[in-house]
Amino acid sequence: MTPALNKPLPEFEANATGGVKFTPQAFLGKTVVLYFYPKDSTPGCTTEAMQFRDHHKDFTNAGAVVFGVSRDNMASHDKFKQNLELPFELIADTEEKLCHMFGVVKNKIMYGKKVKGIERSTFLIDSEGLLRTEWRGIKVAGHVEDVLKAVQELKNPA
């Protein structure tokens, strides 16, 4: 069941780099950005990760924690994180539990074949653990800035 906007996330636990166990409860009081991406070390995913990296201080200043999520394993994530010097953790969703929970697994056509892949998507969870905003099927260009703006608006509502 996909989480509904303005509703609490269901309970789950996920392993991330740096020995971090992610649960919605563990991050109450902080805004959480969960961004789902198809695969470590591919061009679009590398660009997206670097943009989150380059804006990381802005997210931190706005009280947000960023997590990248893909189906890659921890070894792949550790290498990707190290190569790009990412200041945030990556969740290894090797069993696709989070991917299915958030409804980001989609059938795609790749080289004429139907394959199951991750639709690039981002979810914004407020400090009370409520899903506030979702972006689905996004393009990398300008996306991180849109997410940052939404985080800043949560912190300082007009």
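Visitor: With which residue does the side chain of arginine 132 meet in a salt bridge?
Guide: In this predicted model, a salt bridge requires a side-chain nitrogen of Lys or Arg within 4 Å of a carboxyl oxygen of Asp or Glu. The N to O distance for the pair that includes arginine 132 is 2.9 Å, and the partner of arginine 132 is aspartate 126.

Visitor: Is aspartate 126 buried or exposed?
Guide: A residue counts as buried when its relative accessible area is under 20%. Arginine 132, with a relative accessible area of 35%, is partly exposed. For aspartate 126 the relative accessibility is 6%, so this residue counts as buried.

Visitor: How many residues apart are arginine 71 and glutamate 96, and which parts of the chain do they link?
Guide: The side chains of arginine 71 and glutamate 96 meet in a salt bridge, with 2.9 Å from N to O. Arginine 71 lies in the loop between strand S4 (64-70) and helix H3 (74-84), while glutamate 96 lies in the loop between strand S5 (89-92) and helix H4 (97-101). The pair therefore links distant parts of the chain, and the two residues are 25 residues apart.

Visitor: Why are lysine 149 and glutamate 153 separated by about one helical turn?
Guide: Lysine 149 forms a salt bridge with glutamate 153, and the closest N and O atoms are 3.9 Å apart. At 51% relative accessibility lysine 149 counts as exposed, whereas glutamate 153, at 45%, counts as partly exposed. The separation is about one helical turn because, in helix H5 (residues 143-155), the two residues are 4 residues apart.

Visitor: How many disulfides does the count come to?
Guide: A disulfide needs a pair of cysteine sulfur atoms within 2.5 Å. Cysteine 45 is in no disulfide, since the nearest cysteine sulfur, that of cysteine 99, is 12 Å away. Cysteine 45 is buried, with a relative accessible area of 2%, and cysteine 99, at 0% relative accessibility, counts as buried. By this rule the number of disulfides is 0.

Key: Residues numbered from 1 in each chain as written. Predicted model: local features only at pLDDT ≥ 70, side-chain atom pairs only at ≥ 80, totals over all residues. Heavy atoms only, no water. Buried < 20%, exposed > 50% of the residue type's maximum accessible area, 1.4 Å probe, protein only.
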